[in-house]
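Open the model in your viewer and get ready to select a few pieces one after another. We will go from a helix pair to a core and then to one more helix.

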Amino acid sequence: MSALPSDPVVSDTTATSDALRESAGRERREKLVRFLTDWQGVTGLLLVVIFFASAIFAPWIAPYDPNAMDIPARMSGPTWAHIAGTDQLGRDTFSRILHGGRVALYIAAIGVSASLSIGLVLGMIAGYGPRWLDNLLLLAFDAVRSFPAVILALATVALTGPSLTVVLAIVILTTIPSYGRVARTATLALRHTEFILAERSLGASTGRILFQHVMPNVIGPLLILAAMEVPVVVSIEAGLSFLGIGVLPPQASWGTILNEGYLVIRDAPWMVIAGGIPLILTTLGFTFLGEALRDIFDPRMGRGR
Amino acid sequence: MKDMVSRTGNDTLLSIDGLTLDFRTNRGRVKALRDISFPVRKGRILGIVGESGSGKSTVLWSILGLLAGNADVTAGRIDYGDKNLLTLDAEGLRALRGEEVSVVFQDPMTSQIPVLPYARQMSDILYRRSMSEAAKRAAAVDMLRRVGIPDPESRVDAYPHQFSGGMRQRAGIAMSMLTGPNLLLADEPTTALDVTMEAQMIGLMRGLRDDFDTTIVVVSHNLGLIAEMCDDVVVMYAGEVVETGEVHDIFHNARHPYTRALLECDPARIADVTRKLPVIPGDIPDLTKPLAGCIFAGRCQKAMPACVTTAPPLIKRGTGAARCHLLEGPLADPSWPPAPEVPTVARDTGTATVRGAAKGEPLLEVRDLNVQFRTMGALKARMNGVARPFVDAVLDVSLDIRPGETLALVGESGSGKTTLGRTILNLQSAAGGSVRFDGAEIGNMAERRFKPLRRDMAMMFQDPVGSLSPRKSVRALISEPLLIHGAEGRDLDAEAERLADMVRLPRGFLSRYPHELSGGQARRVGVARALALNPRLIVADEPTAGLDVSVQGETLNLMADLQAEHGLSYLIITHNLPVVRHIADRIAIMYLGRIVEDGPAAEVFAKPAHPYTRALVEGVPQPDPDRRRPPSAAIEGEVPSLLRRPKGCDFATRCPLARDACRVEKPEHRQLTPDRRHACLFPLIDTQDNKNKTETP
């Protein structure tokens, strides 16, 4: 495994760069193989791909228009015509799930990535910066955390009127503290390590230390957190939609399907079941994927030393 | 209970026979131990010595059945009395652990329960005994007294964090001795301790063996500790026992080339002062690969073609045995082993030998430097009426380093030497005094103005791997200093390769990550980073810490070569005195943030002026069992906390020669000769008159 000085590959300069390129390629192949042999990773990837594909291609896959009503078949159970049944207005639940996935994807993708980036930067600043700034940011995180999301949403809607943008803004604002806190704790632990001191002794700027050396070491747990936040975000959207301050009624979302199904759970339980399955599968998919990715991209967990 | 009838003879307490063990890892099976056999004789202290990766700790943990979950014992047996410990069930092992076999751990910081007082932790150890709580407590107090804890009746109620490092290790030993075990296992028991503490622990453990008739197995990489403490020695290399024998035989008549090499590499055994230290070339073999022949063949100076293909048998000689073709059989060499003074390890006689006195203006001038750490907030201090809510981590330190000179800063942990190094590099702000570099004042400069100076002053950090950013490849790490200081028009790849060549790091390592490097390789990356900008001064914090004996010479030789080539100045911060003797031009001894003595290294070693210097010089365990010190030679006590700086001389609380004046008056720095200073009221080398006074207090 170790290339000793006497190794013929190393002694020749031209051969060296080839060997290096080859070893980098081999490392990449090794990572791929490790990922593909991890059943959780593959399952996760598969579920996430299905989630993305079904949301993106919903208009082409969905057998019916999500808002088209089939009055004679309303409240039907799963049949060949409506594989996931219909709701009280006779709308095809399967089609509505596919279209609802678009809303979920939109909220999840934008909401999670925005709050992850903001939370990461604020958290690193809190962990690495001066004490007073840390206290200030922590106070802000706690203030946001302690404020009920629903009340915040109601107050905002009172000013702006209900829309998907408001849902998104609320989602971002309320999830920043969880990323910020994790990033801060991880940065605090790194702050006095020798390698950060070594960077300082070389004259590295604070920005360089944070983004080149702290970030790669704190982002791992944040990515796992992000994967697990996806369903949380989707359910915030569902909750707000239920209250009539999120997605407006005719538009399909997993939240609205669940909530509508909840009203008729005694008569048509399959609606809640059909609406819950995609949520569960998405949660599992992102969790598996997040953990598999961490195992591979954390070099300390590689090669087992 | 202690009447053990052993199958291998009456004087054998424990016998390890053919122990073979693999670790399952995602790199494949690591053949960590192969055919380990040796007896542990009753009432003796057996030392297992070896470098990192030799499997010495694994042997210890297999005795107790405390191996990691991925360990597979594939063959062998460990006989203790009539029990085979490898096949004993969990309940049987539990009955044995603590009662008959107990352990002293390396780090007393992490091996004791932080939320329970010692009284509770120690009475819990006796849970199997039908004794009253009061009796258990009395037993704990007695044992604490025996290991030298002052005032044990009240200290027994203390929590681990209230004890200092040395006291904690004493308490750890007390806990392991509480049940009166037959066998005490100690894993690097002094590695986390300072030199003066180490000497005390050696005396304590030998004393306990004599008093309680306990057999001790101690694992260490420290040849000095092994020589001072042990009766029998087992030398391990890469998962095999290469040699066994009684301590005198091993140290004076080593028969295996590895044992010989290990002893020759120890700086403490090299009498003549040289800049160049011997090294064992090569690396420890990869234990996941199929192994054939002698395990040491790849690094052995005497290797023959047959060594690579045929495994040597274990050949009995003297008081022990060694595994080498040179001793017996068709390949036997009657001239082996050569006389002890004949070197068997190649000594690099390269460039750096010139050791002329460095001349010229000092490159670095430190004057009356003070560093303070705040102990409480300003408001709290005012409310509690504390006038000075600070401790002095560095107190009135003055030193000079001339171009091309090596100054070693020596002291125990807590002496402020690392803080001083960091303050010089402006990584820590100073409370007073001046730091001048190349004639210009640089103390407490704003980082923006200091940045250009970072080209001229580099630092090497204590932890070779931990001081490298873990997610960066070696290539990125080496070229980073160039990036930070502007690398316009430079080919970074070419620069990285140039630097790797300079520190003799094979170019194939450039695409690796820090955790894939061994200590020595990571250290070379650290040197390359420090050298990237052609600095004039390098502050090296414990450059050999965490390195094996065979590798530390390599690092120090490299540093010496680079010094000769580039005219570098070094400030080396260390507690390793044997190494200092070989590499330093001048040394400065620090105690509680003050420099108590400084001067040319050779003079200070030969004739220390300060009693603390003498204690340090004499405190290093000698890797020679014939030069064991009497137990009384170790100085008493521990470095006091900075919060309780003694009123008079800082060292007065521990000084064997302290007089009343020492406890009242703080000694000033005095010039002894033009280049020697000390801070002692009654220096050891002043006048004959002074000496007489010392002997009659």
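**Stop one: a helix pair**

Select helix α8 (residues 164-191) of chain A and helix α10 (residues 206-242) of chain A: their axes (lines fitted to C-alpha atoms over the stretch in contact) come within 9 Å and cross at roughly 155°. Helices here are DSSP runs of H or I with at least four residues, strands are E runs of at least two, and both are numbered from the N terminus. This is a predicted model, in which local features need pLDDT of at least 70 and side-chain atom pairs pLDDT 80 or more, while totals for chains, interfaces and linings use all residues. Residues are numbered from 1 along each chain as its sequence is written, with chains lettered from A and ligands numbered from 1 in the order written.

Angles run from 0 to 180 degrees between N-to-C directions, and those over 145 count as roughly antiparallel, so α8(A) and α10(A) are roughly antiparallel to each other. Now show the contacts (C-beta atoms, placed from the backbone, within 7 Å): the α8(A) side includes A:V167, A:Y179 and A:L190, and the α10(A) side includes A:V214, A:L225 and A:L240.

**Stop two: the core**

Next, select B:L409, B:A528 and B:I589, which have the most contacts inside the largest nonpolar core, a set of 250 residues. Such a core joins buried Ala, Val, Leu, Ile, Met, Phe, Trp, Tyr and Cys residues through C-beta atoms within 7 Å; buried means 20 or more other C-beta atoms within 10 Å of a residue's own. α10(A) gives the most to this core, with 14 residues.

Finally, go to helix α21 (residues 611-619) of chain B, whose buried residues include B:Y612 and B:L616. Both of these are among the contacts of B:I589.

Terms used
Parallel < 35°, antiparallel > 145°, perpendicular 65-115°, else oblique. Contact = placed C-beta atoms within 7 Å. Buried ≥ 20, exposed ≤ 12 C-beta atoms within 10 Å, placed from the backbone. Lists of a residue's contacts leave out its neighbours within four places in sequence.
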